[in-house]
Amino acid sequence: MAEKFIYTPDPDAGTFKVLLAQEDVRTVDNRMFAADSIEWRTLPVPLLMQRANDPTAQGGHKGAMSVGAITEIWRETNEESGLNEVWGRGHFSADDEGQKARQLIGEGTLSNVSV
């Protein structure tokens with residue numbers, strides 16, 4: 001039986017905490033997730049970045065590249081709104097794409113997550 005590969009992230013590559021979704025709130029593309037309906041795959045999952053719109057106008061995430069990993073996901077209730085929020089935490093890749101994503105997010109140029 002093969003040993004499981006365990007990746008140790010570069011501590012200098014940076015980490016993030018991000019609001020992944022709100023439940024019972026319409027998204028910008030008019031979807032709505034019912035309370036307690038969002039489930040997630042076994043972690044870690046890739047953090048993907050897409051800097052350009054799909055040239056075929058088909059939508060989706062064609063051309064997205066992995067720029068890190070989401071290693072924790074949890075649901076909590078926002079005390080002000082009373083709504084469920086799904087949060088993620090993880091790390092950026094130390095390669096050029098991961099560090100570019102970190103820069104763009106830090107500058108506020110890239111700010112939304114698609115779930």
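**View 1. The second largest pocket holds about 220 Å³ of space.** This is a predicted model in which local features need pLDDT of at least 70 and side-chain atom pairs count only at pLDDT 80 or more, while totals for chains, interfaces and linings use all residues. Residues are numbered from 1 along each chain as its sequence is written, and side-chain values use heavy atoms, leaving out hydrogens and water. A pocket is an open set of points on a 1 Å grid over the protein atoms alone, where a 1.4 Å probe fits, with protein on both sides within 12 Å along at least five of seven lines. Its volume is the space filled by probe spheres set on the points, which are joined across faces, edges and corners.

**View 2. Residues lining the second largest pocket include K4, F5, L43 and H91.** Lining residues have an atom within 4 Å of a point.

**View 3. Four strands form an open sheet in the order β1-β4-β3-β2, with antiparallel pairing.** The edge strands, β1 (15-22) and β2 (45-49), each pair on one side only. From one strand to the next, the twist averages 40 degrees. Strands are DSSP runs (E, at least two residues) numbered from the N terminus, and two of them pair if DSSP finds at least two bridges between them. Angles run from 0 to 180 degrees between the N-to-C directions of axes, which are lines fitted to C-alpha atoms.

**View 4. H91 is found in strand β4.** Beyond its neighbours within four places in sequence, H91 is in contact (heavy atoms within 4.5 Å) with residues including Y7, F16 and A69.
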